[in-house]
Amino acid sequence: MMMLYSGYQAWNDMMAPARFGAQIALSLKDRMGAAGNWPMPRRMFALMDVFQGAKLTHRRPAYAITQVRSGNADVAVREEVAMDLPFGNLLHFVKDDVETAQPKVLVVAPMSGHFATLLRNTVQTLLRDHDVYITDWKNARDVPLSAGRFGFDDYVDYIMTFMQELGPGSHLVSVCQPCVPAMAAVSIMAEDKDPATPRSMTLMGGPIDTRAAPTVVNELANDQSIEWFEDNLISMVPMRYAGRGRRVYPGFLQLSAFMSMNMDRHGAAHRELYQLLADGKQVEADRIKTFYEEYFAVLDMTAEFYLETVDKVFQRTLLAKGELTYRGRSVNPGAIRNTALLTVEGEKDDVCAVGQTAAAHALCTGLRPHLKRHHLQPGVGHYGVFSGSKWEKQVYPQVRNMILAMN
């Protein structure tokens, strides 16, 4: 498996000339004038467009959030790196024209094979009423070995460090996989009476207790031993990259696993894309292309973070059993007393099914009932919890109201 990454890179290099040729051919379309829109050329250009777009990229796409509606005005947004750490930045979406201070919110993004830009819509919606920061994770293949290891406890460290940078009175919103380390971080901060402990913690579609409603993802994680995952999924970064020699779970492998679960749907989407391009329906085609440009942008995770997450979160469910530790300390969610808890689940979520995230309420024994809320969103799957029209119109008001109540 240590040679797998080099094999993938060699295949990518081999395909590069053909993709470059397709790009050159596409650039000729406008020069052909009206002939470029004849049925036969349009079909040929559509085929080349689909071919050159069906590739993985390994750099973070742009958030491209330059303006939001805040209050009664359109406000300009700019990105600012508040903290630059080896494995991830604390990225701040600054709104200079907002006169009234808004609640600070840290969005904890998954480190799960995709970049944090997957939460673009989440951030854009939160920006209406909040001062938003996000954990902007870096591709492990670009992090030199001299930066050291990055495991589960290091992830918890980053969350606590970022919350401390935001300061007292801030809020935390965690999406998907990081709900467990986020809850661990808040538990430790609460127990230590850290003044930067968030006033509210929103957990969205996260695997707090996968035993509550196992999904295909959970079954795959439990079908094999942790040794099997290490032997079969961990590879080494090739020499051409800054992280050369680092052991990683490659993003291309994780994407392959995700796509294999819904191969028919992805195949149908690309057939539809071809047909839309061939029919000249560019606007509809661009929606599909935009989705896959984001979906095919992958990052590598450090081997230790991936293996520890599989082991602690999906196989042994240590947090739910009260057995999770952080740097040798027991993690006690019962220590959370002043941080309000909101959990959000999607009715049709096949990644973190109904019940997995809501399990957090039973663990937070120190919270009074009025500080606990749960929202089950009808009609949405995993991504619909934090992206799309139902997130904006139905889920977001729940998140906003929780933050407002605790602010």
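Modeller: Start with the terms: two strands pair if DSSP finds at least two bridges between them. Strands (E, at least two residues) and helices (H or I, at least four) are DSSP runs, numbered from the N terminus. This is a predicted model, where local features need pLDDT of at least 70, side-chain atom pairs count only at pLDDT 80 or more, and totals for chains, interfaces and linings use all residues. Residues are numbered from 1 along each chain as its sequence is written, and side-chain values use heavy atoms, with hydrogens and water left out.

Colleague: In what order do the eight strands of the open sheet run?

Modeller: Strands of a sheet pair through backbone hydrogen bonds, either parallel or antiparallel. Here the order is S3-S4-S6-S5-S7-S8-S14-S15, with mixed pairing. S3 (78-85) and S15 (372-377) are the edges; each has a single partner strand, so one side of each has no neighbour in the sheet. From one strand to the next, the twist averages 20°.

Colleague: How many bridges join S7 to S8?

Modeller: Five, between S7 (171-175) and S8 (200-204), which run parallel. His171 has Ser200 of S8 as its bridge partner.

Colleague: Which helices pack on this sheet?

Modeller: Contact means heavy atoms within 4.5 Å. Axes are lines fitted to C-alpha atoms, for helices over the stretch in contact, and angles between N-to-C directions run from 0 to 180 degrees. Helix H4 (152-166) touches S3, S4 (88-94), S5 (104-108), S6 (131-137) and S7. Its direction makes about 165° with that of S5. Helix H14 (389-406) touches S5, S7, S8, S14 (340-346) and S15. The direction of H14 makes about 175° with that of S15.

Colleague: What is the order of the three-strand sheet?

Modeller: S9-S10-S11, open, with antiparallel pairing. S9 (235-236) and S11 (301-302) are the edge strands, each pairing on one side only. Two bridges join S10 (247-249) to S11. Val248 stands opposite Thr302 in S11.

Colleague: Which residues line the largest cavity?

Modeller: Rolling a probe the size of a water molecule over the atoms shows where empty space is left. A cavity is a set of points, on a 1 Å grid over the protein atoms alone, where a 1.4 Å probe fits but cannot get out; lining residues have an atom within 4 Å of a point. The lining of the largest cavity is Phe87, Met111, Lys138, Ala140, Phe150, Asp300, Met301 and Thr302. Its volume, the space filled by probe spheres set on the points, is about 30 Å³.

How values were computed
1 Å grid on protein atoms, 1.4 Å probe; cavity = no way out; pocket = protein on both sides within 12 Å on 5 of 7 lines; lining within 4 Å.
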